[in-house]
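The structure comes first, and the notes follow.

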Amino acid sequence: MNYLWGSLMALVGLFLFVSALIKSEFIIYKLFVARSKILWGDYVHSFYIVVGIILMCLSTLFFFDI
């Protein structure tokens with residue numbers, strides 16, 4: 001079961017990372033940005049780049065059951 005959840009977490013991290021890099025207009029990403037812009041201001045996309053990288057790293061640990 002760790003393979004499934006680890007893979008799903010990696011996909012979510014990749015989605016956040018890529019969406020932040022291209023500043024996507026996808027509705028789900030725009031909702032995340034709207035909520036986070038209150039706290040992070042103009043650095044919201046940089047925040048999601050870091051969050052995507054951290055989520056992908058943690059998902060690999062979960063995938064390999066570490």
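**Salt bridge**

A search of the whole structure, which is a predicted model, finds 1 salt bridge (a side-chain nitrogen of Lys or Arg within 4 Å of a carboxyl oxygen of Asp or Glu). The partners are Lys-30 and Glu-25, whose side chains meet at 3.7 Å, N to O. Side chains of opposite charge can pair when their charged atoms come close.

Lys-30 counts as partly exposed, at 39% relative accessibility. Glu-25 counts as exposed, at 64%. Here buried means under 20% relative accessible area, exposed over 50%, and partly exposed in between (1.4 Å probe, protein chains only).

**Position of Glu-25**

Glu-25 lies in the loop between helix 1 (2-22) and helix 2 (27-40). Helices are DSSP runs (H or I, at least four residues), numbered from the N terminus. From C-alpha to C-alpha, Glu-25 and Tyr-3 are 30 Å apart in space and 22 residues apart in sequence.

**Helix 1 and helix 3**

The axes of helix 1 and helix 3 (residues 44-63) come within 8 Å and cross at roughly 165°. Axes are lines fitted to C-alpha atoms, for helices over the stretch in contact, and angles run from 0 to 180 degrees between N-to-C directions. Helix 1 is therefore roughly antiparallel to helix 3 (angles over 145 degrees).

The residues of this contact divide into 19 nonpolar (Ala, Val, Leu, Ile, Met, Phe, Trp, Tyr, Cys and Pro), 7 polar (the others, Gly among them) and no charged (Asp, Glu, Lys and Arg).

**Basis**

Residues are numbered from 1 along each chain as its sequence is written, and side-chain values use heavy atoms, with hydrogens and water left out. In this predicted model, local features need pLDDT of at least 70 and side-chain atom pairs count only at pLDDT 80 or more, while totals for chains, interfaces and linings use all residues.

Definitions and conventions
Helix = DSSP H or I, 4+ residues; strand = E, 2+ residues; numbered from the N terminus. Parallel < 35°, antiparallel > 145°, perpendicular 65-115°, else oblique.
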